[in-house]
Amino acid sequence: MKVSLFITCLADMMYPEVGESVVRLLHRYGCEVDFPELQTCCGQPAFNSGYQDEARVVARQWIRAFEHSDYIVSPSGSCTGMIHHYYPDLFRDEPEWRAKAEALIAKTYEFSQFLVQVLGVTDVGATFPGKVTYHPSCHAMRLLGVRSEPAELMGNVRGMELVDLPHREDCCGFGGTFAVKMADMSEAMVCEKAKHVLETGAEVLVGTDMGCLMNIEGRLNKEGKPVRVMHLAQLLEQGGTAR
């Protein structure tokens with residue numbers, strides 16, 4: 001099975017180790033992974049800021065980069081959600097580009113979606129001794145419907161105590177450009193999220209989007225709280241063997 005890695009801007013620039021974990025896990029299950037070097041941003045920041053013409057320019061480049069891929073996998077529900085839900089509308093007046101976008105949507109997956117829905121994997125044989133809580137990101141959950149997949153994967157990690165996060169479906173306040181435009185509101189939301197994380201007593205916070213995790217980790221660090229933050233792919237790679 002041939003898979004193209006859509007790394008996303010944030011992972012590429014700030015959390016490359018997340019992409020490495022994704023690739024190593026996919027290799028375990030026989031996937032041949034490539035990295036289309038033409039890929040850039042998916043266009044979400046421009047789109048969310050109201051710059052649709054600029055977003056279309058970037059989206060066309062993304063489509064060119066992946067148009068020959070068999071499957072596309074990303075460690076971000078947010079960027080994957082942008083492609084699934086907003087590309088068709090972005091190209092509503094350009095039938096040729098809309099058709100290209102829809103062809104790619106059918107084979108573009110968030111990481112945990114791909115493991116569970118395509119590869120049929122719910123147990124990677126991982127071991128992680130520790131107390132962990134999970135934050136479901138808004139876009140993965142609401143745009144893509146990614147709810148059960150991370151839970152299934154984490155439920156099979158040996159030695160791990162998974163603690164429910166209070167009000168887990170509440171937004172962390174990041175929202176990309178939202179955190180810049182509405183800084184005071186964003187700060188209030190992430191303070192509340194950090195408080196709930198600390199209430200669990202967890203040593204590690206796990207998520208599927210580094211934007212959310214970066215935001216929450218920043219708040220926890222500012223408060224001097226030693227909670228480790230990990231992407232789901234990093235957690236699953238710990239001590240895992242193909243099953």
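A residue is called buried here when its relative accessible area is under 20%, exposed when it is over 50%, and partly exposed in between (1.4 Å probe, protein chains only). By this criterion S78, at 16% relative accessibility, counts as buried. The model is a predicted one, in which local features need pLDDT of at least 70 and side-chain atom pairs count only at pLDDT 80 or more, while totals for chains, interfaces and linings use all residues. Residues are numbered from 1 along each chain as its sequence is written, and side-chain values use heavy atoms, with hydrogens and water left out.

S78 lies in helix α5 (residues 77-90); helices (H or I, at least four residues) and strands (E, at least two) are DSSP runs numbered from the N terminus. Its side chain makes a polar contact (a pair of N or O atoms within 3.5 Å; within protein, one able to donate a hydrogen and the other to accept it, residues adjacent in sequence counting only if both atoms are side-chain atoms) with the side chain of Q44, at 3.2 Å.

β5 and β6 pair over 5 bridges, and V132 stands opposite L162 in β6.

In helix α11 (residues 183-200), the buried residues include S186, V190 and K193. The buried residues of α11 pack against β5 (127-134), β6 (158-163), α10 (178-181), β7 (204-207) and α12 (210-222), contact meaning heavy atoms within 4.5 Å. G201, with a positive phi near 75 degrees, follows α11.

Definitions and conventions
Expected span 1.5 Å × (residues − 1). Pairing = 2+ DSSP bridges.
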